[in-house]
Amino acid sequence: MNKKSLIFLGGLALWTLFPAAGHTSLAATAKDNYRTYCAQCHGLQGNGRGVNIRDMSVQPRNHTDASYMSQRSDEDLAKADRKGGLAIDKSVLMPPWGDTLSPAEIKDMVQYLRTLCHCTFNSQ
Amino acid sequence: MSPNHLLLRLLPGLLAVILALALSPAWAGESAGMALLESRCASCHNISGPAPATIHALWARKAPDLFYAGNKFRRTWLVSWLQHPVRIRPAGEFYADHVKPGPERDMVDESTLAPHMALGAADAKLAADALMTLRAHDDLIAKEHVPAGSISRSMGSLVFDKFLGCMACHRVKPDFGGLSGPELYTAGARLKPAFMASYIRSPQSWDPKIWMPNKHVSDTRIVQLVHYLQALSKGGSHE
């Protein structure tokens with residue numbers, strides 16, 4: 001077996017073992033976006049305790065709070081993300097991210113929020 | 001006359017012109033200023049563009065981009081600040097790299113923030129002059145017109161804090177406001193009015209991945225904000 005074949009087979013074996021390597025997974029992308037845009041207020045841990053909160057008149061949502069987050073539909077979360085707090089009758093302090101994140105990234109972000117709260121929408 | 005003879009005859013004149021250009025104070029100053037930027041600033045600041053196009057490039061940025069410094073800064077402020085630098089971004093750049101979870105909220109980890117170097121007076125002027133030539137976004141600036149005017153502190157504060165929520169990320173006095181954005185109590189002295197207007201209108205036009213949102217601020221509110229920031233930088237009171 002020549003050298004090129006060995007390199008090819010080695011690469012194939014690595015790709016088989018680590019299928020996510022070489023592209024960014026959905027969760028990692030949303031996680032990166034969260035760290036960049038959301039964490040400044042919602043906190044590095046998603047607990048609503050970001051570096052900016054001390055003087056805010058309305059405190060940011062705790063995204064790990066399953067009892068609250070399960071009361072918000074995916075559509076509501078996406079709307080708040082895209083258009084800001086005022087669009088869902090919440091605080092102006094939550095800005096619109098529709099010019100920063102693509103519709104696909106906002107969709108992924110909603111799924112990421114569901115991983116933070118370990119919850120799904122429960123309309124009951 | 002052969003071409004070679006013509007060249008020989010013209011050569012002294014050409015050399016004289018080149019020498020005059022090289023010794024011209026303006027040209028020499030600009031060249032020295034750019035050399036200063038290259039040697040002292042470019043290891044942390046991007047002086048040639050473009051802005052980060054991905055989140056990971058954004059995270060890797062060590063300091064604010066300067067390739068549009070001439071569109072952004074007021075020269076008098078640059079000359080002064082470069083001699084006596086004071087932190088503008090309370091949580092540094094990139095902010096999440098300088099923040100860690102605390103008992104009540106995430107806190108800025110001051111130990112990770114390095115002070116900006118200071119320049120001597122002559123170098124500060126050289127650097128400021130060179131920075132003013134970096135104007136990658138003349139196009140964006142040309143779209144703005146901020147009329148001279150004023151706004152009361154109370155009305156400005158209402159617009160900034162309550163109507164638009166800018167205080168979430170920015171400080172309008174040293175002990176009030178958010179930390180992930182640059183402080184704005186010196187913005188009026190630091191920034192050109194047209195830059196403030198353009199950046200508020202569309203942060204992403206200047207810095208596509210920046211963590212400042214486009215809040216679709218109206219023309220009227222943009223002018224009010226610029227006047228408010230100008231008012232904040234005047235006088236000793238930050239009320």
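**Figure 1. Ring pairs link five residues of chain B into a cluster.** The members are Phe67(B), Tyr68(B), Phe195(B), Tyr199(B) and Trp206(B). The model shown here and in the other views is predicted.

**Figure 2. Phe195(B) and Tyr199(B) sit in helix H10 of chain B.** This helix spans residues 193–201. Phe195(B) has a relative accessible area of 5% and is buried. Tyr199(B) also counts as buried, at 15% relative accessibility. How are the planes of the rings of Phe195(B) and Tyr199(B) set, and how far apart are their centres? The planes meet at 40 degrees, so the pair is tilted. The ring centres lie 5.5 Å apart. Phe195(B) and Tyr199(B) both belong to the cluster of Figure 1.

**Figure 3. Trp77(B) and Trp81(B) pair within the structure's set of aromatic contacts.** A search of the whole structure finds 14 aromatic pairs over all chains. In the pair shown here, the ring centres of Trp77(B) and Trp81(B) are 5.4 Å apart. Their planes stand at 20 degrees; stacked pairs are those under 30 degrees, so this pair is stacked. Both residues lie in helix H5 of chain B, which covers residues 75–83. They are four residues apart, about one turn of the helix. Trp77(B) is buried, at 12% relative accessibility. Trp81(B) is buried too, at 15%.

**Figure 4. Lys173(B) places its charged end over a ring.** The ring is that of Phe176(B). The distance to the ring centre is 6.0 Å.

**Figure 5. Arg35(A) meets two residues of chain B.** One is Trp59(B): Arg35(A) lies over the face of its ring, 4.5 Å from the centre. The other is Asp97(B), which forms a salt bridge with Arg35(A). The closest N and O atoms of that bridge are 2.6 Å apart. How many salt bridges are found across the interface of chain A and chain B? The rule finds one.

**Figure 6. Chain A and chain B bury about 2800 Å² between them.** Of this area, 53% is on carbon and sulfur atoms. Arg35(A), Leu44(A) and Val51(A) supply 23% of what chain A buries against chain B, more than any other three residues. In terms of contacts, 26 residues of chain A touch 40 residues of chain B. Polar contacts between the two chains number 20 residue pairs, counting residues at pLDDT 80 or more.

Note on methods: Residues are numbered from 1 along each chain as its sequence is written. Chains are lettered from A and ligands numbered from 1 in the order in which they are written. This is a predicted model: local features need pLDDT of at least 70, side-chain atom pairs count only at pLDDT 80 or more; totals for chains, interfaces and linings use all residues. Side-chain values use heavy atoms; hydrogens and water are left out. Rings of Phe, Tyr and Trp (its six-membered ring) pair if their centres lie within 6.5 Å; planes under 30 degrees apart count as stacked, over 60 as edge-to-face and the rest as tilted. Helices (H or I, at least four residues) and strands (E, at least two) are DSSP runs, numbered from the N terminus. Buried means under 20% relative accessible area, exposed over 50%, partly exposed in between (1.4 Å probe, protein chains only). A charge sits over a ring if NZ of Lys or CZ of Arg is within 6 Å of the ring centre and within 35 degrees of the ring normal. Contact means heavy atoms within 4.5 Å. Buried area is the accessible area (1.4 Å probe) that two parts lose on being put together, summed over both. A salt bridge is a side-chain nitrogen of Lys or Arg within 4 Å of a carboxyl oxygen of Asp or Glu. A polar contact is a pair of N or O atoms within 3.5 Å; within protein, one must be able to donate a hydrogen and the other to accept it, and residues adjacent in sequence count only if both atoms are side-chain atoms.
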